[in-house]
Amino acid sequence: MKEIADAGRAYDAQVEVKNLVKHFTQAGGFLRRNPSIVRAVDGVSLKIEHKRTLGLVGESGCGKTTIGRCILRLIEPTSGEVYFEGTDVLGLSGRRLRKMRRDMQMVFQNPFSSLDPRMSVLSIVGEPLQTHTSLSHSDIRDRVVELLEQVGMSGEHIYRYPHEFSGGQLQRIAVARALALNPKFLVLDEPTAALDVSVQAQVIAQLMQLQRELELTYLFISHNLTLVHYISDTIAVTYLGKIMEYADADEIFDNPLHPYTQALLSATPSLDRELRQERVILAGGVPDPANPPPGCVFHPRCPRATERCTKVEPHLVDVGGGHLVSCHL
Ligand code: SF4
């Protein structure tokens, strides 16, 4: 996607993804003899500048998490290219891949399940240091205390266990663990989705502060467009494994062009009378990625679909100023 490769040219891209594809084979039918191909990610290109945040937004089942996992090679992409600071991530193996992984970490959605309840905070946060460094036990302990304080917690918590913490505190511990090896890039996969609304803002503020202090680059994944707008510099709206719209965060919010983005925005409550717009109700759910619709994948739910949309697939094109849209309109 030349258009995406050129968007945001003013900054040095730290992470660049070109035409990423991830297909899963799903066994089906009697005796599982009729496997089908699930197109979880289907030709995604994006670019994240150093110290910036790209927000990846869309409903559940749109392939957001799979994109994040493929970038970090927690799962292997079917095809495509991933570059981190110019290095071909998919071409790495062995020691060079392990070294690269120190720079790229992930914070998972649900801290209640991502943290081992049998491990103390010292073990949880210190584990990457124990595995990847030759630090002594006391040095690891000091580093864990430092990391806890960095995420706004007391170092006195190191001997406690996950069940002794609230959801917000657990997510801070998960962030501390992700920061243990001084990464440069974090994939934040719905980091506040499992938290109370009152705690979400605190965790987001903490993440933004850490980004400034540690000069981090983020890929922020969420189904919540308002949250994504708040934290992101650029936004990519995904649907059924493809990017529907891609632009500067304010531009997406002020001037959404794709009917899917407009529907997501219209579902966002706003107290501002001028920002309130007619609610667009999307019929049905996200189609089965093993059997995507022909033409525009959004056409079965699109209120503006035409005959052409059911047959011809639109491509992501720059409609001006780096604002990319995949829609015949
Ligand atoms: Fe809707 Fe057609 Fe645009 Fe797809 S191409 S979003 S179906 S108007």
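Visitor: How much space lies in the largest cavity?

Guide: This is a predicted model, and a search of the whole structure finds three cavities of 30 Å³ or more. In the largest cavity, the space comes to about 80 Å³.

Visitor: Which residues are the closest to the centre of the largest cavity?

Guide: The lining of the largest cavity has 13 residues. By class, nine of these are nonpolar, three polar and one charged. The closest to the centre are Pro 259, Cys 296, Cys 302, Cys 309 and Cys 327.

Visitor: Which residues lie nearest the centre of the largest pocket?

Guide: The largest pocket holds about 540 Å³ of space. Its lining is made of 23 residues, with 13 nonpolar, four polar and six charged by class. Nearest the centre of the largest pocket lie Gln 105, Met 106, Phe 108, Pro 128 and Arg 177.

Visitor: Which element gives the largest share of the lining of the largest pocket?

Guide: At least two lining residues come from each of α3 (94-103), β6, α5 (121-132) and α7 (167-179). The largest share is five residues, and the element that supplies it is α5.

Visitor: Between which domains does the largest pocket lie?

Guide: Residues of the lining come from a domain made of 2-103 + 183-197 + 211-320 and also from a domain spanning 114-182. Because both contribute to the lining, the largest pocket lies between domain 1 and domain 2.

Visitor: Which strands stand at the edges of the sheet of eight strands?

Guide: The sheet is open, with mixed pairing and the order β6-β7-β8-β3-β9-β10-β12-β11. Two strands in it have a single partner strand each, so one side of each is left without a neighbour in the sheet. These edge strands are β6 (104-107) and β11 (317-318).

Visitor: What is the angle between the direction of helix α2 and that of β8?

Guide: Helix α2 (residues 64-71) packs on the sheet of eight strands. There α2 touches β3 (53-57), β6, β7 (185-189), β8 (217-222) and β9 (234-239). Relative to the direction of β8, that of α2 makes an angle of about 155 degrees.

Visitor: Which residue in β12 stands opposite Tyr 246?

Guide: Strand β10 (residues 242-248) pairs with strand β12 (residues 324-325) in the antiparallel sense, over two bridges. Opposite Tyr 246, the residue in β12 is Leu 324.

Visitor: At what angle to β9 does helix α11 run?

Guide: Helix α11 comprises residues 259-266 and lies across β9 and β10. Its angle to β9 is about 105 degrees.

Visitor: Which strands stand at the edges of the sheet of four strands?

Guide: This open sheet is antiparallel in its pairing and has the order β2-β1-β4-β5. A strand with a single partner strand stands at each edge, so one side of it is left without a neighbour in the sheet. The two are β2 (36-49) and β5 (87-88).

Visitor: What is the bridge partner of Val 17 in β4?

Guide: Strand β1 (residues 13-26) and strand β4 (residues 79-84) are joined over five bridges in the antiparallel sense. For Val 17, the bridge partner in β4 is Val 82.

Methods: Residues are numbered from 1 along each chain as its sequence is written. This is a predicted model: local features need pLDDT of at least 70, side-chain atom pairs count only at pLDDT 80 or more; totals for chains, interfaces and linings use all residues. Side-chain values use heavy atoms; hydrogens and water are left out. Two strands pair if DSSP finds at least two bridges between them. Contact means heavy atoms within 4.5 Å. Axes are lines fitted to C-alpha atoms, for helices over the stretch in contact, and angles run from 0 to 180 degrees between N-to-C directions. On a 1 Å grid over the protein atoms alone, a cavity is a set of points where a 1.4 Å probe fits but cannot get out, and a pocket is an open set with protein on both sides within 12 Å along at least five of seven lines; lining residues have an atom within 4 Å of a point. Grid points are joined across faces, edges and corners, and a volume is the space filled by probe spheres set on the points. Ala, Val, Leu, Ile, Met, Phe, Trp, Tyr, Cys and Pro count as nonpolar, Asp, Glu, Lys and Arg as charged, and the others, Gly among them, as polar. Domain bounds come from an automatic or database domain assignment.
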